[in-house]
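Hi everyone, thanks for coming. I'd like to walk you through one structure today, so please have the sequence and the 3D view open.

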Amino acid sequence: RVTARKIAAMVISIVGLSLVTGIFEGGASVTVTGILFGIGSAFGYALYSIFTRLAINRGYHPFTITCWSFIWAAVFSAFTVNYDACFKMIETDIAMLPFTVLFAITVTVLPYILYSLGLTGTENGKAAVLASAEPVAATVYGALFFGEIPSLIGIIGIVTVIAAILISGSTDRTKENKNERNNVQS
């Protein structure tokens, strides 16, 4: 269900993510193509969550869901791959092949498996807000491993996203109290 808490968490998360990206600091340009790709990405991500929830409710294991998702993604991606560039990379440095496979598993397959597993224990709206921690984590990792210190606005964005996650994860005390009263009366 859509609740005021979920709407607030989503709005706060979007504001925080906008601050983290640096879009208000003049370092980024906004284009129609970029906006359309962003909307398409959000639509696809939402569909993944919805269809994963439906599959979980029908008894499918998250590994099965992720496997089929990646099979279909591979089929459709096959038409967009620059095969010449891929083969040249392998010919130039064969050591890149194991790195590429490891990279694919750790930054593509594993996150989707974990997300799908997470959906078994939480609702889609909360999972989406929790997933907004990804850019925050990228910013923190960039600071820790590459010395990319975020600006004050970026830090405010990180705090804002964390606040949205806390709001999303907190329980509605009024609803809990009502449920407790109903249980006691029964």
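**A buried serine and its surroundings**

Let's start with Ser132, which counts as buried because its relative accessibility is 6%; buried means under 20% relative accessible area, exposed means over 50%, and partly exposed is in between, using a 1.4 Å probe and protein chains only. Before I go on, this is a predicted model, where local features need pLDDT of at least 70, side-chain atom pairs count only at pLDDT 80 or more, and totals for chains, interfaces and linings use all residues. Residues are numbered from 1 along each chain as its sequence is written, and side-chain values use heavy atoms, with hydrogens and water left out.

So where is Ser132 found? Ser132 sits in the loop between H6 and H7. When I say helix, I mean a DSSP run of H or I with at least four residues, while strands are runs of E with at least two, and the numbering goes from the N terminus.

Which residues does Ser132 touch, leaving aside its neighbours within four places in sequence? They are Ser13, Leu17, Val161 and Ile165, where contact means heavy atoms within 4.5 Å. Also have a look at Ile162: Ser132 and Ile162 are 30 residues apart in sequence, yet their C-alpha atoms are 9.0 Å apart in space.

Now for the helices on either side of that loop. H6 and H7 pack at an angle of about 20°, with their axes 5 Å apart. The axes are lines fitted to C-alpha atoms, for helices over the stretch in contact, and angles run from 0 to 180 degrees between N-to-C directions. H6 and H7 are therefore roughly parallel to each other; the cut-offs are under 35 degrees for roughly parallel, over 145 for roughly antiparallel, 65 to 115 for roughly perpendicular, and oblique for the rest. Val129, Leu130 and Ala131 of H6 make this contact with Ala133, Glu134 and Pro135 of H7. By class, that contact has 5 nonpolar, no polar and 1 charged residues. Nonpolar here covers Ala, Val, Leu, Ile, Met, Phe, Trp, Tyr, Cys and Pro, charged covers Asp, Glu, Lys and Arg, and the others, Gly among them, are polar.

Next, H6 against H8. Helix H6 (residues 124-131) and helix H8 (residues 152-169) pack at about 160°, with their axes 9 Å apart. That makes H6 roughly antiparallel to H8. Lys126, Val129 and Leu130 in H6 meet Ala164, Ile165 and Ser168 in H8. By class, the contact of H6 with H8 has 4 nonpolar, 1 polar and 1 charged residues.

What are the buried residues of H6? They are Asn124, Ala127 and Val129. The buried residues of H6 pack against helix H1 (4-21), helix H2 (32-57), H5, helix H7 (133-146) and H8.

One more stop in H7: Gly142 lies in this helix. At 5% relative accessibility, Gly142 counts as buried too. Leaving aside neighbours within four places in sequence, Gly142 is in contact with Gly147 and Glu148.

Last topic, the rings. Rings of Phe, Tyr and Trp (its six-membered ring) pair if their centres lie within 6.5 Å, and planes under 30 degrees apart are stacked, over 60 edge-to-face, and the rest tilted. By this rule the count comes to 7 aromatic pairs. One of them is Phe70 with Tyr112, edge-to-face, at 5.5 Å centre to centre and 80° between the planes. Phe70 is in helix H3 (residues 62-77) and Tyr112 in helix H5 (residues 96-119), 42 residues apart, so this pair links distant parts of the chain.
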